[in-house]
Amino acid sequence: SLKTDIHPAYSTVSSIHEGRMSAIQDHPLRYELANELHARPFPSLDAPGRVAYLAFTQNTEGGDHSRLNARDQLIALLDRFGETHPQPDATHYFGALGRHQLKWEQHTEFVTYSLFSTGGAERPFDPAEFEAFPEDWLQSVTAERITSINLRVETRISDDEISQSLAEWFVPESLTVSEVLDKSAVVAGDFRVDASGHQRFALFVAAETGPRRIGRVIQRICEIETYKSMSMLGFSTARSISPRMAQIDAELSELMADMTQAQKSPERTLDALLKISAELENLSAQVAFRFGATGAYEAIVNQRIQVLREERFTGRQTFGEFMMRRYDPAMRTVKASERRLSAMADRAMRAGNLLRTRVDVERSAQNQSLLESMNARADLQLRLQKTVEGLSVVAISYYAVSLAGYLMSPLASPLAISANSLKATVTLPVVLLVWWAIRRIRKRIE
């Protein structure tokens with residue numbers, strides 16, 4: 001039979017014949033991937049209300065161990081209130097936590113806890129809102145807080161009353177206020193950490209605004225602040241490597257200047273250049289993930305601001321304008337550092353290739369000179385060999401003629417010639433015979 005969702009709209013059994021559908025083979029991940037789009041539903045909250053939000057960084061190098069540790073911390077919190085546990089592989093949880101509603105989300109680099117409470121508070125942005133998180137539980141959390149938000153939801157009042165409240169709650173210099181989602185709410189915040197260690201945001205919603213829309217606006221505010229904070233980690237990384245990048249840039253320029261000077265040893269210059277290239281590659285590997293994550297987080301921040309559909313409220317700066325003035329320069333610094341690091345690595349690579357070419361050309365010239373010297377020595381050796389061969393012919397011929405003279409001396413008397421005349425007669429044939437024999441031996445060797 002067809003798989004059906006728990007929602008009543010999908011509970012009707014299809015009229016398609018069961019035998020026909022059983023022939024279809026589903027991908028093993030079909031339902032998991034389809035349900036992933038609905039794994040993180042928006043919260044819903046009535047006005048007035050309060051939200052206490054915590055975001056902790058998660059060590060990406062820890063892998064499954066870090067994820068299990070984050071889940072164990074959630075279970076320890078739920079056990080304090082006797083609440084049910086999430087599924088073993090869950091990355092999202094929504095349920096009761098005492099008199100509050102808890103939303104827990106696990107992301108790649110951070111984990112978030114959101115506490116939703118209905119009703120107003122006498123003291124605006126009271127730090128007591130976070131007391132639902134037990135003190136000893138907070139101390140047991142091994143992760144580090146990247147941000148926390150104390151958010152106040154009010155029913156919308158007159159613009160003058162809103163302006164008066166904002167003047168009391170926020171720092172005017174960095175205050176951002178805007179009407180969002182077709183004037184269904186007014187959102188305000190100053191992106192500053194107050195004395196209790198939290199960031200303050202206020203939401204004034206129109207009477208006709210439903211709890212689901214309020215929950216979506218709250219979700220967007222928390223996401224903007226969280227992803228902004230996470231992306232600023234890239235800015236911190238860019239600032240930390242900037243001094244070393246400046247040093248490497250100066251060293252690289254000096255080495256490239258040395259390449260134009262003939263008195264400098266190209267081998268030593270190449271060795272120093274290879275060290276710089278290795279350091280640049282190592283530096284790039286260290287910051288690649290952080291810079292890549294910063295770009296992704298920045299895109300999410302801008303997208304979340306866009307979906308709010310901001311409109312100016314009483315001439316105040318909007319969230320988009322605040323980000324353009326304060327946030328975008330930091331992101332441009334990160335991008336500039338990333339481009340500079342990449343350009344330096346390419347520059348060092350090109351310089352290394354040029355220097356290796358120069359070294360190869362010089363070595364080729366040295367090899368050519370060595371070959372010419374070897375050819376000269378071979379030619380000299382050939383001449384010496386020919387001289388030795390000539391002397392060898394003379395020496396061998398001398399002994400051969402003497403030996404032939406001794407052997408043929410008994411024939412001198414019958415032939416009526418002297419022994420010296422007999423030797424003179426056989427000298428030329430013996431010399432020719434010796435010369436022919438040595439020449440034949442040399443040809444066989446060659």
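Helix H6 runs over 49 residues and covers 69 Å from its first C-alpha to its last, close to the 72 Å expected at 1.5 Å a residue (the expected span is 1.5 Å times one less than the number of residues). Helices here are DSSP runs of H or I with at least four residues, strands are E runs of at least two, and both are numbered from the N terminus. There's a kink of about 40 degrees at serine 242 in H6, shortly before proline 243; the bend is the angle between axes fitted to the seven residues ending there and the seven starting there.

Before going on, a word on the model. It is a predicted one, so local features need pLDDT of at least 70 and side-chain atom pairs count only at pLDDT 80 or more, while totals for chains, interfaces and linings use all residues. Residues are numbered from 1 along each chain as its sequence is written, and side-chain values use heavy atoms, with hydrogens and water left out.

Now for the sheet. It's an open one of 9 strands in the order E2-E3-E4-E1-E5-E8-E7-E6-E9, with mixed pairing (two strands pair if DSSP finds at least two bridges between them). E2 (92–97) and E9 (311–312) stand at the edges with a single partner strand each, so one side of each has no neighbour in the sheet. E7 and E8 pair in the antiparallel sense over 6 bridges, and alanine 188 sits opposite alanine 202 in E8. Helix H5 (residues 159–169) packs on the sheet, touching E5, E6, E7 and E8; its direction makes about 170 degrees with that of E8. Such angles run from 0 to 180 degrees between N-to-C directions, with axes fitted to C-alpha atoms, for helices over the stretch in contact.

What about the inside? The largest nonpolar core has 58 residues, and Leu151, Val153, Leu203, Ile218 and Met323 have the most contacts inside it. Such a core is a set of buried Ala, Val, Leu, Ile, Met, Phe, Trp, Tyr and Cys residues joined through side-chain atoms within 4.5 Å; buried means under 20% relative accessible area, exposed over 50%, partly exposed in between (1.4 Å probe, protein chains only). Leaving aside neighbours within four places in sequence, leucine 151 is in contact (heavy atoms within 4.5 Å) with residues including Val51, Phe201 and Ile218.

Most residues other than glycine have a negative phi, and most peptide bonds are trans. A cis bond joins alanine 47 and proline 48, and lysine 183 has a positive phi of about 65 degrees.
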